Amino acid sequence: MATILHIETSTDVCSVAVSQDGACIFSVEDHDGPNHANKIGGFVDEALSFTDNHAIPFDAVAVSCGPGSYTGLRIGTSIAKGICYGRDLKLLAIPTLELMAVPVLLRHEEIEDDALLCPMIDARRMEVYAAIYDRSLKPIREIQADIVDETTYQAFLQERPVYFFGNGAAKCMEKIQHPHAHLIEGIEPLAKWMFPLAEKRFLNEQYEDVAYFVPFYLKDFIAKQPKNLL
């Protein structure tokens, strides 16, 4: 196992956490954002002071790598890289949509074994950025920009239950309307939920190159989309 510093700044929420041996031992959050530039430095200092005071050495830094806010991801990545350079630590990148599925799996036991999970990040009008995972977090459909209407997720909903969540989900439910469509409210990407994904990557040595790592900015994703999705 490992001790990992987690940094999450992909949305309006700013959060930092520390995990050790598969448990979160420190967490701080700000939900009044976007205040990343003002908050993240202090939050990281609190986390480092906590571990230094308890003589806990870090093994890695995990940062949410998007998709998400350009400014938020840039700030989080810069902080993470600086700590990795300063303390000679490994860098781990955690996909934001995959991260959003973690609290759903840990806190919602009622979800069926064959259910699919669809985390959504809000965009303009009826557009969201979404992916679809099974309960093992295997991607069933990779990240796409979806203009949501009655047919967008029908192929999945005809086969099995689909749980929609994230800050783009609520606005879509009126359009989706299907007996297999379920909304889970209150799900945000938070640093305290990063540890299962970060530890798996650490054990598998899925490290990022600190010098060249770039997060998954929405602006870059949009540029790659077909014109009929923009």
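Select Glu98 first: at 13% relative accessibility, this residue counts as buried (buried means under 20% relative accessible area, exposed over 50% and partly exposed in between, with a 1.4 Å probe and protein chains only). Glu98 is found in helix H3; helices are DSSP runs of H or I with at least four residues, strands are runs of E with at least two, and both are numbered from the N terminus. Leaving aside residues up to four places away in sequence, Glu98 touches Tyr133, Leu137, Leu197 and Arg201, where contact means heavy atoms within 4.5 Å.

The model is predicted: local features need pLDDT of at least 70, side-chain atom pairs count only at pLDDT 80 or more, and totals for chains, interfaces and linings use all residues. Residues are numbered from 1 along each chain as its sequence is written, and side-chain values use heavy atoms, with hydrogens and water left out.

Axes here are lines fitted to C-alpha atoms, for helices over the stretch in contact, and angles run from 0 to 180 degrees between N-to-C directions.

Two strands pair if DSSP finds at least two bridges between them. Select strand S9 (residues 162-165) together with S10: the two run parallel and are joined by four bridges. Tyr163 has His182 in S10 as its bridge partner.

Move to the other sheet of the tour, an open one of five strands in the order S3-S2-S1-S4-S5, again with mixed pairing. Its edge strands are strand S3 (23-30) and S5, each pairing on one side only. Here the twist averages 15 degrees from one strand to the next. Strand S1 pairs with strand S2 (residues 14-20) in the antiparallel sense over six bridges, and Glu8 has Ser15 in S2 as its bridge partner. Helix H2 packs on this sheet, touching S1, S4 and S5, and its direction makes about 175 degrees with that of S4.

Which residues of S4 are buried on each side? Select strand S4 (residues 60-64), where five of its five residues are buried. Ala60, Ala62 and Ser64 lie on one side, and Val61 and Val63 on the other. S4 pairs in the parallel sense with strand S1 (residues 3-8) over four bridges, and Ile4 has Ala60 as its bridge partner in S4. Five bridges join S4 to strand S5 (residues 90-94), and these two also run parallel. Val61 stands opposite Leu91 in S5.

Finish with two helices. The axes of helix H1 (residues 36-53) and helix H2 (residues 70-87) come within 10 Å and cross at roughly 30 degrees. H1 and H2 are therefore roughly parallel to each other (angles under 35 degrees count as roughly parallel, over 145 as roughly antiparallel, 65 to 115 as roughly perpendicular and the rest as oblique). To view their contact, select His36, Ala37, Ile40, Val44, Leu48 and Asp52 of H1 with Gly72, Ile75, Ile79, Ile83 and Arg87 of H2.
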